[in-house]
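Open the structure in your viewer and follow the stops below. Each stop says what to select and what is there.

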Amino acid sequence: MEATNSSCPSPMKATSEGAWQGNNPLHFALPLIILQICLVVVVTRSLAFVLRPLRQPRVIAEIIGGILLGPSALGRSTKFLDSVFPDRSLTVLDTFANIGLLFFLFLVGLELDLRALRRTGRSAVAIALAGISLPFVLGIGTSVVLRSTVVKDASTGPLLVFMGVALSITAFPVLARILAELKLLTTDLGRMAMSAAAVNDIAAWILLALAIALSGDGSPLVSLWVLLSGAAFVTFAALLLRPLLTWMAHRSPEGEPVKEVYICATLTIVLAAGFVTDTIGIHALFGAFIVGVIVPKDSPFAGVLIEKLEDLVSGLFLPLYFVSSGLKTNVATISGAKSWGLLVLVITNACLGKIAGTVVVSLLVRVPIREAVTLGFLMNTKGLVELIVLNIGRDRKVLNDESFAILVLMALFTTFITTPVVTAIYKPARRSAPYKHRTVERTDQDSDLRVLACFHASRSIPSIINLVESSRGTRRRRLTLYAMHLVELSERSSAISMVQRARRNGVPFFNKRTKAGQVEVAFEAYQQLSSVSVRSMTAISDLDTIHEDIISSASSKRVALIILPFHKTLQADGSLESLGSAYHQINQRVLRDAPCSAAILVDRGLGGAAQVTASVVSYTVAVLFFGGPDDREVLAYATRMAEHPGVSVTLARFRFLPAVSEDVTTDDAAIEEFRAKAAAVSDGSVSYMEKVVAEEEKRGVVVSTIAEMRRSNLFLVGRTTAMEPIMERTDCPELGSVGSYLASAEFSTTASVLVIQSYDESKAGTSKLAVVEEDDEESVSVVSRTVVPVASPAFNQTTRK
């Protein structure tokens, strides 16, 4: 280990000649920064994994990771600190961290839509202002106590402003993730919190600029010039930079890649803006943030910028900033009754000011008391901007080590308690109003059939549309399709941007210039060309809890059938490859708690890779009937498909001897009803076969019959049937004995499979999930209700076997 007595250690060389040449890599800047980045990523991601069951945002893990690597924990070992984080490497570390932070603040600016701020209601603005004003006043009072005890050398003015800003901040990105994690984002409470937090964010940046301007060593006139120069820069950006960025955005048309020169120019503008604001004296971060705010949000340009930057910046460089803060945070400086008392005082004032101010104004604008208190705790969320304020205050000598550590712990505590407290005091879910039609099988045949079809990727869209088109029927009855895009919530900026768009309009892909926008166009086009009403929806959640979104949406929309995508997708060689156990468990949880009938679609390219119009639909559907509620639900669905002139249905009924179905009479009645309805609409497109099978021949007869029907486009089968498992082992038990065989590699076919589970009324009310009622009629978008007239075909029966 190198040691030097010089107060100004010599700078480190960039690269070493290697260990074989006798060089220690930790004495050179490049290998050392690589080690630091790797260590930081491993520590912070490991902590995030540990804290995940507590539903904490990743920023908590990053703050704790930084503190653990600093002098509060591992850094207490001088050997570790001198080897991994030596003093002369901190300049390089801080430079990397601030470059990452600069581009992250650019991404934060990209997330902020000024047009949405202009639409913010008066209530949200009033709550935001109250959530800033009272904490700011209490922050000023706290600064007086701190200056008389631990920061006696600090200038009074800057300390007042820094403490006021530190206590009044609400972390907008962190709050968005917490709301999404708690599934409150699309509620009235979530909308109010996000709108107020956005206003708070803008106000915080303005106050921070004021604090930085006042913290200079010059005269008040210098501070005035700093503020005026900052205002001039914002004006310059709005009048000159915005038109340039808009021009580049318009030069990036739909369906074409954004030119590399535009990306490079924009990133250069970000750096140049940072240089200008740093020269002015209000920190380089402001320039990057302003550029992000003025980038047009209504084109693919902003999305491409996010895709280019977010993983590298958020995954590698930004955690360095938390470590840089952690190296400055020494919890050991908080010692003695006085220091711990100050910590309690700061936390109390921070919570009291933010929560009390928010609650009082919320009650004045007629927000219920429980929601008002919840809103207060949500607005008390801190995050990255809080650390930025504290670091700038420490760099400007406004805060010393002890006060810095106290405020870091305050930010950590207030953010950590948000999720558990909100979960404990606010339970917005209540049982949805009961509804009648929870199955496809019903006595009221002319009632509206509502279907919730879920999908993970756009490649599933044609199959969903083709399935719905073939089952819409020809009677004068409506079919309403709710198409739900299942999106995993991550820590990426694009995920939060999607969350915000979903909060505004229910669909994150309204921008038709993006691939997701083209998905929305596909549903709109299908709606306009058919009698089916289509409403696009989005569930953005963690995969472990996204089934709750599906179930709650199904209840609130009063659907009769949920169609889930199989967790295995079709590959080029015809095989099915699993997306992972998390996707597998989604289906299992929905089937367990579904408030209506549910189905899993094993998609092998139903109708091809494109949507098929009604006039060219030509499918053969094989229906396997063994008996039982699930099979009767299959029969009801097949009845609708038989009404389509382009669909041929073959029903194969199996009678086992001795009979194993407990309700043979009900099964017989369902078969006769199907035959009677099919007779009224069929022109030979419906076939029927019945096979009476002895116990010892069951497997062979069923497998051979299925093999005869393998050229069909679609198999319909019940999940729970009277048939024993065909295969000895299966990794898809949720498909049932027959469905798992049809979805296995053992059964080679190009046919898709729809496995249906009927709603069981006896299990109603056993689910622990509750949902929020909503006015369904307001959320349904109906473009066309025209019924396509078709001829009435006749029924054809094959020879009974």
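Start by selecting α2, which gives 4 residues to the lining of the second largest cavity, the largest share. Helices are DSSP runs of H or I of at least four residues, and strands are E runs of at least two, numbered from the N terminus. This is a predicted model, in which local features need pLDDT of at least 70, side-chain atom pairs count only at pLDDT 80 or more, and totals for chains, interfaces and linings use all residues. Residues are numbered from 1 along each chain as its sequence is written, and side-chain values use heavy atoms, with hydrogens and water left out.

Next, select E62, I63, G66, I67, F322, S325, G326, T329, L387 and V408, which line the second largest cavity. Both α2 and α13 give two or more residues to this lining. The volume of this cavity is about 40 Å³. (On a 1 Å grid over the protein atoms alone, a cavity is a set of points where a 1.4 Å probe fits but cannot get out; lining residues have an atom within 4 Å of a point.)

Then go to the largest cavity, with about 250 Å³ of space. Select V59, F104, V174, R177 and L318, the closest to its centre of the 17 lining residues. Colour α2 (58-69), α4 (90-111), α8 (172-181), α13 (300-328) and α16 (384-395): each supplies at least two residues of the lining of the largest cavity.

Finish in two loops. Select H283, between α11 (260-280) and α12 (284-294); H283 is not a glycine, yet has a positive phi of about 80°.

Notes. On a 1 Å grid over the protein atoms alone, a cavity is a set of points where a 1.4 Å probe fits but cannot get out, and a pocket is an open set with protein on both sides within 12 Å along at least five of seven lines; lining residues have an atom within 4 Å of a point. Grid points are joined across faces, edges and corners, and a volume is the space filled by probe spheres set on the points.
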